[in-house]
Amino acid sequence: MKERLLLLALLMLGSGSARAEHPEACRVAENLLEPSFRLPQVTRAIAAKHLTVLVVGAGSSQLPGSSGAGNASNGEGNAYPARLQYALAQQLPGVQVKVTTDVKAKRTALEMVKTLPAALNASKPALLVWQTGTVDAMLAIDPDQFSQALDKGINIAHSVGADVVLINAQYSPRTESMIALGTYAEDMRWVALQHEVPLFDRFSIMKLWGEQGTFDLYSATKKLDIAERVHDCIGRLLADLVISAAKPEEPSVNGSR
Amino acid sequence: MAPVSTERDLRLDLFRGLALWLIFLDHIPSNAVSWITIRNYGFSDATEIFVFISGYTAAFVYGRAMRQHGFIVASARVLKRAWQIYVAHVFLLAIYLAEIAYVANSFDNPLYAEEMGVLDFLKNPDVTILQALLLKFKPVNMDILPLYILLLAWFPPMLWLLLRAPSIALLASASLYALMWLFDWNIPAYPSGTWVFNPYAWQLLFVFGAWCALGGAQNLSRWIHSRVVVGLAIAYLIFAFAIAMTWYFPRLAVFVPKFVGEAIYPIDKTNLDVLRIIHFLALAVITVAFVPRDWPALKSRIFWPPIVCGQHSLETFCLGVFLSFAGHFVFTDVSNRVFTQVIVSFLGIAIMVAVAALISWYREAERQGGGPNPPAAKPGYAGGDL
């Protein structure tokens with residue numbers, strides 16, 4: 001259903017600014033990356049040539065082989081936080097970019113909120129990238145409780161002067177009939193709108209990739225290659241979103257119409 | 001207050017049949033064809049239609065039984081129906097368990113390490129199956145039947161009241177709905193959370209359907225056909241459509257004034273948001289205004305397929321759930337191209353129609369004396385089967 005409309009949207013809106021250095025694979029989803037809200041702290045941090053990002057997430061923010069906790073290394077890790085650091089550093093020459101992570105599998109939004117103050121305090125980031133929603137959906141956590149946890153986390157980050165980008169669940173076709181992401185995705189969209197923070201719509205992007213055959217998300221493979229390419233693309237697109245939302249020029253929501 | 005007509009209202013069968021088709025299409029994950037279903041163009045979806053019409057037919061069938069044979073006999077029949085639905089639910093559960101056990105054994109991808117954790121409950125089937133039998137553990141898309149079971153189990157006293165004091169019964173139902181919002185009532189689920197379709201909320205639509213069947217619709221008809229009401233309904237549907245478009249075109253979201261967003265979101269399906277009820281009512285008003293009860297086309301061949309499905313709704317619903325599992329299998333294991341999705345969707349509906357037609361034929365054959373029941377035991381299913 002949605003992807004038909006998304007395709008239509010893609011045609012109608014035009015493909016915007018396709019970046020040449022991207023692998024073809026990532027480009028299909030650029031229309032989903034229009035930032036709706038600004039990231040003023042990131043703008044400031046880029047101007048000050050020193051950008052720190054904290055990625056807080058659960059199992060879908062890591063891959064086997066990359067260390068879940070601690071530093072996302074110097075762009076050598078294979079999961080998207082490390083790829084984000086690499087892409088940001090490439091696109092922001094002269095800016096010192098550091099991505100730290102607080103990633104642990106099987107955590108609900110509320111569980112992540114509990115460790116959030118300490119993690120923010122440790123890295124003092126200009127930007128919190130918060131991936132959540134999957135585990136809450138799997139455990140069928142009360143949606144009200146989920147929304148409240150999101151509210152709380154965003155408020156904590158804002159209170160210590162960090163911008164926030166939310167990342168929703170992965171599109172996982174094989175488990176689609178077992179995990180009802182619907183309500184949680186809606187809640188994230190609504191909370192993001194309410195707090196005026198950008199939402200990185202990982203679900204729709206991956207769904208589009210699946211639709212267009214960019215990646216075979218159905219494949220039953222123990223190998224890491226597809227997973228690594230997916231995370232690489234997510235890292236790049238996330239960097240695009242962050243950079244365009246931090247551009248000091250006029251906001252794109254007004255500018256493009 | 002007597003039911004106004006004993007003749008079967010084919011519109012009920014038609015729209016319940018269509019609702020069953022939409023539910024089937026929506027239940028196949030990643031189905032491009034579900035693009036056409038009403039949930040994408042407004043606030044309410046096929047669930048509202050299904051619950052309302054189920055309440056309507058339940059009152060129609062068991063209301064007459066209660067008047068003719070008394071409270072005890074009618075209650076026994078209602079509970080027997082609830083039991084049949086419970087058995088159907090357990091049957092679907094067995095199919096579901098087979099599906100996920102297969103996925104757990106055959107699928108492995110490091111990208112989805114987290115998501116595969118959803119299969120962990122297979123490690124302690126004792127607890128899971130017991131919780132499922134208690135209707136606390138409900139797999140995705142298997143929430144409607146438990147709701148239906150509960151609504152029926154609770155229906156006899158409500159029907160009794162509806163037959164005596166319909167306004168008071170409707171008021172009681174609305175009060176329960178209001179209290180649910182006030183005190184956050186719901187039924188706990190397993191492993192956590194609450195029922196996806198909150199029975200305290202959804203009972204309102206069921207009782208409203210029953211109320212309409214027992215003469216309420218007649219009382220409302222002057223309102224329903226007034227131009228002002230039809231105009232308001234159309235305006236509301238357009239508003240809902242505009243809001244729905246912002247879900248697909250994020251750029252349009254900036255046109256929604258902040259106060260409107262704050263007023264309408266989140267549109268709560270679990271607790272049957274008022275916006276959803278109004279959306280359903282608006283759809284109903286438009287339908288009643290433009291599809292008259294004696295519309296000749298209702299008896300034409302074009303509408304026969306959905307009508308026959310609507311007349312055997314429990315069987316068609318269960319089959320639809322099974323077919324949506326099967327369809328998802330085809331997508332994951334054979335092909336997920338849009339062409340396949342269209343074929344699977346149409347084939348699924350064709351199977352639903354064929355099976356419903358077969359059941360119709362069998363019932364008719366039985367009724368004419370071929371079956372174990374003597375023809376005298378003709379069921380009083382004037383409003384269709386439940």
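Angles under 35 degrees count as roughly parallel, over 145 as roughly antiparallel, 65 to 115 as roughly perpendicular and the rest as oblique. The model is predicted, with pLDDT of at least 70 needed for local features and 80 or more for side-chain atom pairs, while totals for chains, interfaces and linings use all residues. Residues are numbered from 1 along each chain as its sequence is written, chains are lettered from A and ligands numbered from 1 in the order in which they are written, and side-chain values use heavy atoms, without hydrogens and water.

**Exercise 1.** Classify the packing of α2(B) against α12(B), and state which residues make the contact.

Solution. Step one takes the geometry: α2(B) and helix α12 (residues 313–333) of chain B pack at an angle of about 15 degrees, with their axes 8 Å apart; the axes are lines fitted to C-alpha atoms, for helices over the stretch in contact, and the angles run from 0 to 180 degrees between N-to-C directions. The two helices are therefore roughly parallel to each other. Step two lists the contact (heavy atoms within 4.5 Å): α2(B) contributes residues including Arg81(B), Ile85(B), Leu92(B) and Tyr96(B), and α12(B) contributes residues including Leu314(B), Val321(B), Phe325(B) and Asp333(B). Step three sorts this contact by class into 13 nonpolar, three polar and three charged residues, where Ala, Val, Leu, Ile, Met, Phe, Trp, Tyr, Cys and Pro count as nonpolar, Asp, Glu, Lys and Arg as charged, and the others, Gly among them, as polar.

**Exercise 2.** Describe the packing of α7(B) with α10(B), and the classes of its contact residues.

Solution. Begin with the angle: helix α7 (residues 199–224) and helix α10 (residues 274–290), both of chain B, pack at about 45 degrees, with their axes 13 Å apart, which means that α7(B) is oblique to α10(B). Next come the residues in contact, among them Leu204(B), Phe208(B) and Ile224(B) of α7(B), with Ile277(B), Phe280(B) and Val288(B) of α10(B). By class, this contact has nine nonpolar, no polar and no charged residues.

Definitions and conventions:
Helices (H or I, at least four residues) and strands (E, at least two) are DSSP runs, numbered from the N terminus.
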